[in-house]
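Please look over the sequence and the structure shown here before reading the notes that follow.

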Amino acid sequence: ETTMKQARQPAKPKRTDVISEAIKEYIAQHQLKPGDRLPQEQELIQALDASKGTVREALKGLEAQGLVQTRTGPGGGAFISEVSDDRAMTLLGNYFFFHSPTIHDIYEARKALWPALVRSLEGVLDADAFDRLASVMTFYDHPPASLEEEREQRLKELEFHLVLIDYCPNPLLALMCRFPVRLLMNMTVCQRIYAQPNPELRRQGYDYQHQLLEALRKGDIERGCKIVSEHMQMAQTLMEAREAMLEKTFFKAGNDGAI
């Protein structure tokens with residue numbers, strides 16, 4: 001019984017993890033910003049009552065998380081680093097490495113999130129923002145001349161959404177919206193879909209985005225929410241249909257090769 005009780009007790013945190021958390025607490029308490037330097041190694045050793053090896057390992061862990069950047073040479077040391085979008089997306093991608101969401105999962109999330117995104121943009125977008133969004137749309141306002149251009153157009157269509165997300169004042173909502181778009185850009189099954197002609201996806205996607213910009217210019221948020229809901233449903237239907245076609249082709253090829 002004693003052994004069972006001991007087994008239920010949470011594992012004691014590693015000394016390195018404790019020191020990492022202490023360093024993060026120091027950063028927060030002293031309101032350090034990206035680019036600020038942490039105290040020298042010897043100061044950290046004394047302040048945290050830790051060995052040189054433990055402090056160095058803790059700093060390496062924080063560097064792997066993207067929170068700290070170490071520099072060598074004169075003027076070197078450990079500096080605060082802001083976690084970039086790419087880094088955050090990579091870390092999230094690692095979380096889903098063995099549990100990859102499906103196209104259906106992604107669009108179900110987008111249908112729930114995109115109206116909230118549009119609502120968050122009320123009164124936020126200025127003339128420069130609209131110009132930036134319209135500029136992205138020029139890459140796919142015409143039929144592609146090749147399959148390679150079609151693939152690039154699809155990625156630009158997704159980039160439109162990333163630009164829109166850049167203006168979201170809610171950082172948590174922005175992160176939640178950005179990750180599904182990055183998945184659609186990078187997932188293998190999506191890359192295979194983009195390698196095939198899909199004029200309806202481009203045409204309807206462009207039309208919906210054009211309508212959305214017009215609604216946002218007029219400040220018609222309710223109309224904007226309706227447009228993105230319809231857009232996400234349309235895209236989901238077309239993408240899932242293409243996914244089914246690819247699977248059918250794959251299984252047919254496998255059966256044809258069977259003995």
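## The start of helix α7

In this predicted model, the N-terminal end of α7 is capped by Asp-126, which places a side-chain oxygen 3.3 Å from the backbone nitrogen of Asp-128.

## The two sides of helix α7

Helix α7 spans residues 127-137, and within it Ala-129, Phe-130, Leu-133, Val-136 and Met-137 are buried. These residues lie on the same side of α7, because the arc that they cover around the axis is only 125 degrees. Among the elements that cover the buried residues of α7 are α8 (147-166) and α11 (199-217).

On the face of α7 that is turned away from this buried side, the exposed residues Ala-127 and Asp-128 are found.

## A nonpolar patch on the surface

Leu-172, Leu-175 and Met-176 form a nonpolar patch on the surface, and together they have about 260 Å² of accessible area. Leu-172 belongs to helix α9, which comprises residues 171-186, and this residue counts as exposed because its relative accessibility is 53%, where exposed means over 50%.

## Two loop residues with positive phi

Most residues other than glycine have a negative phi. Gln-31, although not a glycine, has a positive phi of about 50 degrees; this residue sits in the loop between α2 (15-29) and α3 (41-48), and Gln-31 is exposed, with a relative accessible area of 61%.

Asp-49, which is not a glycine either, has a positive phi of about 55 degrees. The loop that holds Asp-49 runs between α3 and α4 (52-65), and with a relative accessibility of 64% Asp-49 counts as exposed.

Terms used. Residues numbered from 1 in each chain as written. Predicted model: local features only at pLDDT ≥ 70, side-chain atom pairs only at ≥ 80, totals over all residues. Heavy atoms only, no water. Buried < 20%, exposed > 50% of the residue type's maximum accessible area, 1.4 Å probe, protein only. Helix = DSSP H or I, 4+ residues; strand = E, 2+ residues; numbered from the N terminus. Arc of directions from axis to C-beta. Contact = heavy atoms within 4.5 Å. Polar contact = N/O pair within 3.5 Å; in protein donor to acceptor, adjacent residues only side chain to side chain. Patch = residues over 30% accessible without salt bridge, like charges linked within 9 Å, V, L, I, M, F, W, Y side chains within 5 Å. Areas by Shrake-Rupley, 256 points an atom, 1.4 Å probe, with all protein chains shown as cover. Salt bridge = Lys/Arg side-chain N within 4 Å of Asp/Glu carboxyl O.
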